[in-house]
Amino acid sequence: MASSCGGDRWLDGGLGGRRRGRKWLAAQENSEKMIVPRLFMVVLLIQSSLARKHGDQRPPHPSRRWLTLSGKRPLVIARGGYSGLFPESSPIANEFAITTSLNDLILYCNLQLSKDGIGFCLSSLDLSNSTNIADVFPAKPKSYTVNGKVTQGRFSVDYTAEELSNVALIQNIFSRPYIFDALGMPMTTVEEIAKSHPAGFWLNVQYSSFYAEHKQDPTSYVLETSKSAPIHYISSPEIGFLKNLNRNMGGSSRTKLVFVAPEPNTVEPTTNLTYAALLKNLSAIKEFASGILVHKQYIWPVNPEMYLDSPTSLVTDAHNLGLEVFATRFANDDHISFNYSYDPSVEYLQFIDNSQFSIDGFLTDFPSTASTAIACLAHHKKAPRPPQGPLVISHNGASGVYPGSTDLAYQQAVDDGADIIDCSVQMSRDGIPFCLNATDLTPTTNSGSLFLDRSASIPQLQKDNGIFSFDLSWDEIKTLQPVISSPLPDSTSFPRNPANRNKGKLITLAEFLEFAKQQKVHGVLVTIRNAAYLAANKGLSVTDAVATALSNASLDKQSAQQVLIQSDDSAVLSKFGNNKNYKKVFMIEEAIGEAPKATVDQINKFADAVNVRKPSIIPSPNSFTATATRVVEEFHKANMSVFASVFLNEFGYFAYDYLTDPMVEIATFTLPPISIDGIVTEYPATASAYLRSPCSQPDRALSEFSIQPINPGDLIHHLPEGMPLPPAEAPQPALNISDVVDPPLPPVYNQAAASEPPMHQPPASSSDAKRYSAQTLKVANLGLTLMGIVVPSVLSTW
């Protein structure tokens, strides 16, 4: 069977592949009773959604010159509505797409014809992939030859429209939320969508020859339907169908015909030529079509290593002949080129905001993200940041692009627009402070291959054995090769830039501070962990080392750059309390549900700001957001800044509410009512691009589209009563005073004075050793939790 360009997306593999044998969650006999709740749910969800609403009369952008064929902005074409979240071509998918996208959105429908000639919208020819037909009609599936290949399944041509009205839509990609399958939404007819009068309607006839073999006439169906409902675009991969339609339409200018080109080596049934060969003769296509719809790799190829090659001349050649070019296979939850750093907006911009060309439209499963790229990000690459707004704070530099805490990661963070660059300080055996995320060198360096004999078990720091920085000299540490790493549990599914896997070098704190002084950054964030353990067990004072480095860099008595000292230990921050040039940041690593006033007031005695994990602000159990806490509000009442961490781009980490779009998540945390003061991110470029965009400004009135925050909890809370929901999780605990007040730092253990210095146990003379060790477990506990389960746990931990 010919692969569908924008048709059978991933149904033979990819993101989870087919969903075989899954039972529909809602009983069919309750279908009629569920109609009102379903519609009510749609209205509530749309009204609480994240984008502009219908009726928004704000003036459009000032006119820009685009490199499209028409000179107008590219079109956003929604494949089956918002199929990245809801079952394809369902009423809620279509309404959500319209509500969250630009006002000239095109709804895209793949035609399937019933036994009695009624048209339905669904990509897959086999209805088993995207409906519960196997439950409704459990008879053995049939086999048909489709474009020369035997295909088994359940096909619309074997059922009447009345029979298909008993079939409900389901999500056809396993990694996408299946909970909306329980709404029991029926298959939607072509007429129902066309007569709802969307801004634009696109009908794709993928299998004309197949239906003709089964005594159906797609040409007659399309011509008859177009008489009563406007169809703005009609596309097909079959030249014979398009030519026949072109003759019968008599040159109508109301409807544009578009030739679809699937994979290059697939054979077109009319000519028996491959689509790659057909696209070499664009003049012949121009005779029966006004445009082409192609896989994005026809335009911007990606090599087997998943990096971009040079663009082809296809768009330019087609535009020179007067042909529009539309591209497909855009989805936020698809693995894209490493050049894009998991930011889907960057991929869209690659096709419309370059100096050579712009395609004329995107066929996408996530139309709001395409709208954001067009309306908010294109032509704003060099726009200045507004003076107000949150800080962009790196997390080990741009650690999503280069190995964290290396010279290259810090340079990339500066280049990408970070306001604050950070150094998490570790200590070598000989007392040299340097930058690295954790004291265990194993995850982020090749230490395991060089110093395996130094591996040790330190339960006070972490569960597993490790090779710890304080057991190696700085000269030994300098020989290590850094390794790019991901905080996601299944990092093999989300690898980071393999070309940069071992690039860069580790640097000392002194080198980091000197680098920062030479850059146009707002300041530095220096993180101190394990101070009590290092003093009591290793004879190392990390606080003194940091204070000396800052003094040597002359950063202790200046105001040109802000110095932030961060720790999860109140005693550490208190030690820096006498220097008013330093801003103290208290790290709250555990997820909390509330911050009582007494606890906030206690923190305010030794800190100016807090850094909290995002679930402490918006919990995300079971891959859906829950109602936001008041944690940010409580700290703001005490005039304390709130930073949130850690922001990532990898699509497997987002709650579904954020539409797998990093900028929607950033908007939610930075705009009212939450309004954090700092974005701690491993991808500073994404946060900086969002803040440079005029769409990030809540009082902006220059466009019909803006990047709006979600309302946490709405997506799941507005499901009808009785809907089967994921099991509830235990509430997050309140932050108590006992959680934030630490004992004074112990005296630095004098190893030289001891004949046999203890290796990895607290000194017997220290009655507080157990308490000191407990403080260091905060980081370890977080790491262990992250290694527990896959994506849903990530969402409830970070």
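**Helix packing and backbone notes**

A: The axes of helix H7 (residues 218-228) and helix H8 (residues 239-249) come within 10 Å and cross at roughly 40°. Axes are lines fitted to C-alpha atoms, for helices over the stretch in contact, and angles run from 0 to 180 degrees between N-to-C directions. Helices (H or I, at least four residues) and strands (E, at least two) are DSSP runs, numbered from the N terminus.

Q: What should I know about the model and the numbering?
A: This is a predicted model, in which local features need pLDDT of at least 70 and side-chain atom pairs count only at pLDDT 80 or more, while totals for chains, interfaces and linings use all residues. Residues are numbered from 1 along each chain as its sequence is written, and side-chain values use heavy atoms, with hydrogens and water left out.

Q: Back to H7 and H8: which orientation class do they fall in?
A: H7 and H8 are oblique to each other. Angles under 35 degrees count as roughly parallel, over 145 as roughly antiparallel, 65 to 115 as roughly perpendicular and the rest as oblique.

Q: And what is the handedness of the H7 and H8 crossing?
A: Right-handed. A crossing is left-handed if the near helix is turned anticlockwise from the far one by less than a right angle, and right-handed if clockwise.

Q: Which residues of H7 and H8 make the contact?
A: H7 contributes Pro 218, Thr 219, Val 222 and Leu 223, and H8 contributes Phe 241, Asn 244, Leu 245, Asn 248 and Met 249. Contact means heavy atoms within 4.5 Å. By class, the contact of H7 with H8 has six nonpolar, three polar and no charged residues. Here Ala, Val, Leu, Ile, Met, Phe, Trp, Tyr, Cys and Pro count as nonpolar, Asp, Glu, Lys and Arg as charged, and the others, Gly among them, as polar.

Q: How do H12 and H13 cross?
A: The axes of H12 (residues 344-352) and H13 (residues 367-377) come within 9 Å, with a crossing angle of roughly 60°. That makes H12 oblique to H13. H12 passes H13 in a right-handed crossing. On the H12 side the contact is made by Pro 344, Ser 345, Tyr 348, Leu 349 and Ile 352, and on the H13 side by Thr 369, Ala 370, Ala 373, Ile 374 and Leu 377. The residues of that contact between H12 and H13 divide into eight nonpolar, two polar and no charged.

Q: Backbone now. Where are the cis peptide bonds you have for me?
A: Val 646 sits in strand S19 (residues 641-647). Another joins Pro 672 and Pro 673, with omega about 10°. Pro 673 is in the loop between helix H23 (662-670) and strand S20 (678-681).

Q: Which residues have a positive phi without being glycine?
A: Ser 554, with phi near 60°, is one of them, and Asn 622, with phi of about 55°, is another. Most residues other than glycine have a negative phi, and most peptide bonds are trans.

Q: Where do Ser 554 and Asn 622 lie?
A: Ser 554 is in the loop between helix H19 (542-552) and S16. Asn 622 is in the loop between strand S18 (609-613) and helix H22 (631-637). Ser 554 is partly exposed, with a relative accessible area of 46%. Asn 622 is partly exposed too, at 24%. Buried means under 20% relative accessible area, exposed over 50%, partly exposed in between (1.4 Å probe, protein chains only).

Q: You mentioned S16. What does Gln 562 touch?
A: Gln 562 lies in strand S16 (residues 562-567). Leaving aside neighbours within four places in sequence, Gln 562 contacts His 522, Gly 523, Val 524, Asn 581, Tyr 582 and Lys 583.

Q: Last one, the whole chain: how many helices and strands?
A: The chain has 28 helices and 20 strands. Buried residues make up 60% of its 798 residues. Among contacts between residues at least 6 apart in sequence, 74% join residues at least 24 apart.
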